[in-house]
Amino acid sequence: MSVMEAGMLAETPQPPYYAVIFTSLRHEHDEGYAAMAERMLALAAGQPGFLGVESAREGVGITVSYWSDPEAIRGWKAQVEHREAQRLGREVWYSRYRVRVARVEREYGL
């Protein structure tokens, strides 16, 4: 699966699969954030078990990435460049954030 294009929803397989929901509030000065976000999307797309991503920001940022299983999520969390992005997020870019992991049991829609 590829990184989401603007205005697109992720094409996910039949459940079950997993969702990592990342919500955040950024500081006003977030130099370097956009480039790192693009790099993380590209990097995630190459990770084993990655299924897709959806993201929106208007005040609160919400990014939902979809994964095949908990092992794939752990692999992404431990990825070296992603760990550096996490550190910068905590120290520089975010005033608050939350990460939630959920198992998707049902999916429906148009």
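These legends accompany several close-up views of one predicted model. Residues are numbered from 1 along each chain as its sequence is written, and side-chain values use heavy atoms, with hydrogens and water left out. Because the model is predicted, local features need pLDDT of at least 70 and side-chain atom pairs count only at pLDDT 80 or more, while totals for chains, interfaces and linings use all residues.

**View 1. The largest nonpolar core.**
Let's start inside: this core has 17 residues, and Met36, Met40, Trp67 and Trp76 have the most contacts within it. (A nonpolar core is a set of buried Ala, Val, Leu, Ile, Met, Phe, Trp, Tyr and Cys residues joined through side-chain atoms within 4.5 Å; buried means under 20% relative accessible area, exposed over 50%, and partly exposed in between, with a 1.4 Å probe and protein chains only.) At least two core residues come from each of strand 1 (17-26), helix 1 (33-45), strand 2 (50-58), helix 2 (70-78) and helix 3 (80-93). (Helices, H or I with at least four residues, and strands, E with at least two, are DSSP runs numbered from the N terminus.) Helix 1 gives the largest share, five residues. A second, separate core of seven residues includes Ala10, Tyr17, Leu51 and Val64.

**View 2. The surroundings of Trp67.**
Not counting residues up to four places away in sequence, Trp67 touches Tyr17, Tyr18, Val20, Ala44, Gln47, Pro48, Gly49, Phe50, Leu51, Ala72, Ile73 and Trp76. (Contact means heavy atoms within 4.5 Å.)

**View 3. The buried face of helix 2.**
Ala72, Ile73 and Trp76 are the buried residues of helix 2. Looking down the axis of helix 2, you will find its buried residues within an arc of 100 degrees, so they line one face of the helix. (The arc is that of the directions from the helix axis to the C-beta atoms.) As a reminder, an α-helix has 3.6 residues a turn, so residues three or four places apart point the same way. The packing partners of these buried residues are strand 1, helix 1, strand 3 (60-67), helix 3 and strand 4 (94-104). At the start of helix 2, the backbone nitrogen of Glu71 has a side-chain oxygen of Asp69 within 3.1 Å.

**View 4. Gln79 between two helices.**
The loop between helix 2 and helix 3 holds Gln79, which is buried at a relative accessible area of 18%. The Gln79 side chain reaches the backbone nitrogen of Glu81 at 2.7 Å, and a polar atom of that side chain lies 2.9 Å from the backbone nitrogen of His82. Leaving aside neighbours within four places in sequence, Gln79 is in contact with Leu43 and Gln47.

Ser24 is found in strand 1 and is buried, with a relative accessible area of 3%. Its side chain joins that of Arg57 through a polar contact of 2.9 Å. (A polar contact is a pair of N or O atoms within 3.5 Å; within protein, one must be able to donate a hydrogen and the other to accept it, and residues adjacent in sequence count only if both atoms are side-chain atoms.) Beyond its neighbours within four places in sequence, Ser24 has contacts that include Gly59, Val60, Gly61 and Tyr94. Ser55 belongs to strand 2 and, at 42% relative accessibility, counts as partly exposed. A polar contact of 2.9 Å links the side chains of Ser55 and Thr63.

**View 5. Aromatic pairs.**
The whole structure has eight aromatic pairs. (Rings of Phe, Tyr and Trp, the last by its six-membered ring, pair if their centres lie within 6.5 Å; planes under 30 degrees apart count as stacked, over 60 as edge-to-face and the rest as tilted.) One of them, Phe22 with Tyr97, is tilted, at 5.9 Å centre to centre and 35 degrees between the planes. Phe22 lies in strand 1 and Tyr97 in strand 4, so this pair ties together parts that are 75 residues apart in sequence. Tyr97 is partly exposed, with a relative accessible area of 32%. Phe50 and Trp67 form an edge-to-face pair, at 5.4 Å centre to centre and 75 degrees between the planes. Here Phe50 lies in strand 2 and Trp67 in strand 3, so parts 17 residues apart in sequence are tied together. Both Phe50 and Trp67 are buried. Ring pairs also link Phe22, Tyr33, Trp93, Tyr94 and Tyr97 into a cluster.
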